[in-house]
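Biologist: I've got the sequence and the fold up on my screen. Can you walk me through the side chains and how they pair up?

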Amino acid sequence: MTGPSRQSAEFEAAALEFAISAPKRRALVVVNPYATTVSDRLRSLVIHALSARYEVDAIDTQARGHATEICREGAWEGYDVVVAFGGDGTVNEVINGLAGSPTPLTCLPGGRTNVFCKLLGIPGEIVDATEHVLRMADAWKPRLVDVGVVNGRFFAFSSGVGLDANVVARVDARPGLKSRLGAGYFVYTALSTFAGRYLLRPPRLIATVDGAEVAGVTAIIQNAEHYTYFNDTPVDVAEGSGLDTAELAGVVLGRANLVDAPSILVRMLARRPALVAHPQIHSLDAFTELDLRTTDARPLPLHVDGDYIGDVMHAHYEIRPRGLTVVS
């Protein structure tokens with residue numbers, strides 16, 4: 001048995017394994033039907049399997065920001081859990097609807113990278129992840145984690161101003177290539193963006209934290225142990241952050257040139273030697289507030305959790321300790 005038939009059998013086996021007579025928890029499943037790996041057929045299989053242990057209400061998102069609206073309305077309606085079924089952009093929107101409420105979040109991988117799923121220990125393969133969420137119903141252990149905030153927008157694991165946000169914006173503009181080429185398309189876009197915009201006259205910014213100022217061309221802020229993943233390999237940028245540290249961490253890239261680019265890329269992917277030890281990387285360790293602003297009157301691109309949200313002249317970062325309830 002191969003292909004769709006095999007996947008259907010795997011979901012059916014998972015549903016049967018967990019179909020017991022214990023009371024079901026109420027679950028609101030927020031589905032992004034446009035996510036990289038989500039299809040109508042997969043959506044039906046996942047909802048059917050989850051129904052073995054949950055009383056499921058499933059809603060498809062219709063437009064940008066819709067998931068946040070859904071979750072704001074659903075946060076106080078008695079659901080035991082909200083399941084974000086999509087990529088990290090979907091998770092971010094769900095977090096912005098749930099943060100500060102007692103309703104826990106969990107997620108199922110539907111995007112290309114699924115960073116937050118991996119950070120919570122949820123498998124990256126959808127059948128395994130669905131089994132994990134089914135098993136979770138009997139080992140129910142909600143917990144509180146920190147969330148970052150930039151200009152009033154919550155983020156789960158990372159945010160950036162500058163080069164990485166430019167890359168995200170360009171990748172998001174070509175969803176077909178993003179879906180087909182995956183991580184390789186991110187690398188290609190990063191190199192072409194670097195060569196096209198950051199070699200000759202890059203936008204300039206300055207970061208202010210604890211009274212000290214650091215100038216550069218790009219800033220990356222983390223609320224989690226890892227910045228992202230390259231396939232299944234963690235990519236580490238800042239050091240000292242985590243989902244339960246009550247502090248953010250970050251780095252500022254001081255300049256952009258052809259001499260530094262190869263060694264910076266190698267350090268990000270190889271993890272050793274550490275990126276923060278690079279001479280053009282200024283480490284911002286363990287802070288609770290930070291201000292970024294442009295210094296040359298050019299707006300700076302901003303992303304949260306790998307989702308481009310626009311250009312800004314100023315970005316104010318802060319941490320919201322224990323601001324989100326999760327279960328995994």
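Modeller: One term before we start: contact means heavy atoms within 4.5 Å. Also keep in mind that this is a predicted model.

Biologist: Good. What covers the buried residues of helix 7?

Modeller: Start with the helix itself: eight of the ten residues of helix 7 (residues 163-172) are buried, so the rest of the structure largely encloses it. The buried ones include L163, V167 and V171. The cover over them includes strand 7 (158-161), helix 8 (175-181), helix 9 (183-198), strand 10 (218-222), strand 16 (300-304) and strand 17 (307-312).

Biologist: And aromatics? How are the rings of F155 and Y317 arranged as a pair?

Modeller: Searching the whole structure turns up one aromatic pair. The ring centres of F155 and Y317 are 6.0 Å apart and the planes sit at 85°. Planes over 60 degrees apart count as edge-to-face, so the label for F155 and Y317 is edge-to-face.

Biologist: How many residues apart in sequence are the parts that this pair ties together?

Modeller: Both F155 and Y317 are buried. F155 belongs to strand 6 (residues 153-155) and Y317 to strand 18 (residues 314-326), so the pair ties together parts whose separation in sequence is 162 residues.

Biologist: Which residue lies over the face of Y79?

Modeller: Here we look for a charge over a ring, meaning NZ of Lys or CZ of Arg within 6 Å of the ring centre. The one over Y79 is 4.2 Å from the ring centre, and that residue is R26.

Biologist: On to charges. How far apart are the closest N and O atoms of D60 and R43?

Modeller: The structure has eight salt bridges, and D60 with R43 is one of them. D60 is in strand 2 (residues 54-60) while R43 is in helix 2 (residues 40-50), 17 residues apart. With 22% relative accessibility, D60 counts as partly exposed. The closest N and O atoms of D60 and R43 are separated by 2.7 Å.

Biologist: What is the distance between the closest N and O atoms of R293 and E213?

Modeller: R293 is in strand 15 (residues 289-294) and E213 in strand 9 (residues 212-216), 80 residues apart. R293 is partly exposed, with a relative accessible area of 36%. Their salt bridge has its closest N and O atoms at 3.7 Å.

Biologist: Which residues make the nonpolar surface patch?

Modeller: The patch covers about 250 Å². One of its members sits in helix 10 (residues 261-270), namely L265, and at 37% relative accessibility L265 counts as partly exposed.

Biologist: Last one: what is the separation of the C-alpha atoms of H132 and S328?

Modeller: H132 is part of helix 6 (residues 126-136) and, at 18% relative accessibility, counts as buried. Leaving aside neighbours within four places in sequence, H132 is in contact with G121, I122, P123 and S328. H132 and S328 are 196 residues apart along the chain, yet the separation of their C-alpha atoms is 8.1 Å.

Notes: Residues numbered from 1 in each chain as written. Predicted model: local features only at pLDDT ≥ 70, side-chain atom pairs only at ≥ 80, totals over all residues. Heavy atoms only, no water. Phe/Tyr/Trp six-rings, centres within 6.5 Å; stacked < 30°, edge-to-face > 60°. Helix = DSSP H or I, 4+ residues; strand = E, 2+ residues; numbered from the N terminus. Buried < 20%, exposed > 50% of the residue type's maximum accessible area, 1.4 Å probe, protein only. Lys NZ or Arg CZ within 6 Å of the ring centre and 35° of its normal. Patch = residues over 30% accessible without salt bridge, like charges linked within 9 Å, V, L, I, M, F, W, Y side chains within 5 Å. Areas by Shrake-Rupley, 256 points an atom, 1.4 Å probe, with all protein chains shown as cover. Salt bridge = Lys/Arg side-chain N within 4 Å of Asp/Glu carboxyl O.
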